[in-house]
Amino acid sequence: MLALIVGAAALFGAALLVPLPGPRQIQEWATSVGPAFPVLFFLVHAVVTVAPIPRTVFTVSAGLLFGPLLGIALAVGATTVSAALAILLVRALDRDQVTARLTHPAVRAIDDRLARRGWLAVGSLRLIAAVPFSVINYCCGLSSIRFWPYLTATLLGVLPGTIGTVILGDALTGTTHPAMLVLSGICLAIGLAGLLVDARWKTAPTPAESVPVPD
């Protein structure tokens, strides 16, 4: 802790004494590095955010470094790949041993709903920026949700918020109107509405559940 405090103080002092490049200069530098830099950024983004590390840093950086078009493509693609890697990793690490212990009826009911229409819950949660990206990945990995509906819902769910955040990063260079920030509020409203629909959506019983049990 002492080392972290001293390091933070040193960085703060250096920032005051050393002139830092502006957002426009940073974007020009990223363009001058060459085509390998976006590929490297994509790989680092996709791998690092499998861990519980906020992806917002990478999303804002994508807009700041590469501009809106390439930044959106990199951020959305890397986020989707990261979500796929996370669910596959959780399921490869002996998921059955964990799910066998989740026997509470409420947990089983949620798992059954995710197996039937998990795309709605995942897509809605992805729209809500306050819900941690990695937590959703890990919970879905432990659930019975199917892979492709999960991945499709992830792609569509992260798209609006990622576009808005990348544009925000690019706006730091002074080239984009800040009115795009209202997109975050719209995503939140749509996400909450989706969760409400999912909670009120009555699922028809399976054939096994509808067969009457004899006395």
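Does Gly123 count as buried or exposed? At 14% relative accessibility, Gly123 counts as buried, where buried means under 20% relative accessible area, exposed over 50%, and partly exposed in between (1.4 Å probe, protein chains only).

## Basis of the model

The model is predicted: local features need pLDDT of at least 70, side-chain atom pairs count only at pLDDT 80 or more, and totals for chains, interfaces and linings use all residues. Residues are numbered from 1 along each chain as its sequence is written, and side-chain values use heavy atoms, with hydrogens and water left out.

## Overall architecture

The chain contains ten helices and zero strands, so that its elements, read from the N terminus, run α-α-α-α-α-α-α-α-α-α. Helices (H or I, at least four residues) and strands (E, at least two) are DSSP runs, numbered from the N terminus.

Of the 215 residues in the chain, 34% are buried. The accessible surface comes to about 12800 Å², and carbon and sulfur atoms hold 76% of that area; such areas come from the Shrake-Rupley method with a 1.4 Å probe, and for residues only the protein chains shown count as cover. Among contacts (heavy atoms within 4.5 Å) with a separation of 6 or more, 83% join residues 24 or more positions apart.

Two packed helices are described by the angle between their axes and the distance between the axes. Here axes are lines fitted to C-alpha atoms, for helices over the stretch in contact, and angles run from 0 to 180 degrees between N-to-C directions. Angles under 35 degrees count as roughly parallel, over 145 as roughly antiparallel, 65 to 115 as roughly perpendicular and the rest as oblique. A crossing is left-handed if the near helix is turned anticlockwise from the far one by less than a right angle, and right-handed if clockwise.

Helix 4 packs against helix 8 (residues 147–171) at an angle of about 155 degrees, with the axes 8 Å apart. Helix 4 is therefore roughly antiparallel to helix 8, and their crossing is right-handed. With helix 3, the axis of helix 4 comes within 8 Å and crosses at roughly 45 degrees; these two helices are therefore oblique to each other, again in a right-handed crossing.

Helix 7 (residues 133–142) crosses helix 4 at roughly 40 degrees, their axes coming within 8 Å. This pair is therefore also oblique. The contact involves Thr79, Ser82, Ala83, Ala86, Ile87, Val90 and Arg91 of helix 4, together with Phe133, Asn137, Tyr138, Cys140, Gly141 and Leu142 of helix 7.

Where does Thr49 lie? Thr49 is in the loop between helix 3 (36–48) and helix 4 (56–92). Its relative accessibility is 0%, so Thr49 counts as buried.

The side chain of Thr49 reaches the backbone oxygen of His45 at 2.5 Å. Beyond its neighbours within four places in sequence, Thr49 is in contact with Arg55, Phe58, Ser82 and Phe133. Ser82 and Phe133 also take part in the contact of helix 4 with helix 7.

Gly123 belongs to helix 6 (residues 105–127). Leaving aside neighbours within four places in sequence, Gly123 is in contact with Ala153 and Gly157. The C-alpha atoms of Gly123 and Tyr150 are separated by 8.1 Å, although these residues stand 27 residues apart along the chain.

Val197 is found in helix 9 (residues 182–200) and, at 48% relative accessibility, counts as partly exposed. Its C-alpha atom is 9.7 Å from that of Ser124, 73 residues away along the chain.

How values were computed. A polar contact is a pair of N or O atoms within 3.5 Å; within protein, one must be able to donate a hydrogen and the other to accept it, and residues adjacent in sequence count only if both atoms are side-chain atoms.
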